[in-house]
Amino acid sequence: MAGRTVRVQGFPAELPPDRAADKLTIHFLRSRNGGGDIANVRVLPGSLPCALITFEAPEVAQRILQVKNHVLAIGKTQYPLEVTPHASELSPNEVLR
């Protein structure tokens with residue numbers, strides 16, 4: 001089964017993590033962006049910050065990945081986002097080889 005989590009990069013590093021999480025939540029909830037119900041947003045700060053967004057349903061994550069151009073608007077500035085699958089979703093019962 002496909003994962004429910006996507007990795008998002010491209011939002012400004014100077015944006016506080018809580019504000020970045022709010023902006024990303026709004027963007028990825030919108031159906032016009034392919035979005036849907038979100039279970040969790042985790043912002044990992046740094047010089048190149050990224051966010052891990054986990055959706056309630058794997059179908060939503062797949063729709064998000066199919067949208068080619070995600071653009072986050074903050075004020076009058078637009079930030080193109082890079083959205084990729086997040087591969088490290090393993091259940092405790094899975095064995096790494």
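Me: Which exposed residues does the face of α2 turned away from its buried side carry?

Reply: That face of α2 carries the exposed residues Glu59 and Gln66. Here, exposed means over 50% relative accessible area, buried under 20%, and partly exposed in between, with a 1.4 Å probe and protein chains only. Helices are DSSP runs of H or I with at least four residues, strands are runs of E with at least two, and both are numbered from the N terminus. A word on the model before we go on: it is predicted, so local features need pLDDT of at least 70, side-chain atom pairs count only at pLDDT 80 or more, and totals for chains, interfaces and linings use all residues. Residues are numbered from 1 along each chain as its sequence is written, and side-chain values use heavy atoms, leaving out hydrogens and water.

Me: And which residues of α2 are buried?

Reply: Begin with the general idea: an α-helix has 3.6 residues a turn, so residues three or four places apart point the same way. In α2, which covers residues 58–66, the buried ones are Pro58, Val60, Ala61 and Ile64. Looking down the axis of α2, you find these buried residues within an arc of 155 degrees, so they line one face of the helix. The arc is taken from the directions that run from the helix axis to the C-beta atoms.

Me: What do the buried residues of α2 pack against?

Reply: Their partners are β1 (5–9), α1 (17–29), β3 (50–55), β4 (70–74) and β5 (77–85). Contact here means heavy atoms within 4.5 Å. Glycine 34 is buried, with a relative accessible area of 9%.

Me: How do I read a strand, and which residues form the covered face of β4?

Reply: In a regular strand the side chains alternate between the two faces of the sheet. For β4, His70, Leu72 and Ile74 form the covered face, while Val71 and Ala73 form the uncovered one.

Me: In which sense do β4 and β5 pair?

Reply: They pair in the antiparallel sense, over five bridges. Two strands count as paired if DSSP finds at least two bridges between them.

Me: Which residues touch the most other members of the largest nonpolar core?

Reply: Think of a nonpolar core as a set of buried Ala, Val, Leu, Ile, Met, Phe, Trp, Tyr and Cys residues joined through side-chain atoms within 4.5 Å. The largest one has 21 residues, and Leu24, Phe28, Ile53 and Phe55 touch the most other members. β1, α1, β2 (38–44), β3, α2, β4 and β5 each supply at least two residues of this core, with α1 giving the most, four residues. Not counting residues up to four places away in sequence, Leu24 touches Val8, Phe11, Ala51, Ile53, Leu72 and Leu81.

Me: How many aromatic pairs does the structure hold?

Reply: One. Rings of Phe, Tyr and Trp (its six-membered ring) pair if their centres lie within 6.5 Å; planes under 30 degrees apart are stacked, over 60 edge-to-face, and the rest tilted. The rings of Phe28 and Phe55 have centres 6.5 Å apart and planes at 75 degrees, so this pair is edge-to-face. Phe28 lies in helix α1 and Phe55 in strand β3, so the pair ties together parts 27 residues apart in sequence. Both phenylalanine 28 and phenylalanine 55 are buried.

Me: To step back, what pattern does the chain follow along the sequence?

Reply: It reads β-α-β-β-α-β-β, with two helices and five strands. Buried residues make up 35% of the 97 residues in the chain. Among contacts with a separation of 6 or more, 64% join residues 24 or more positions apart.
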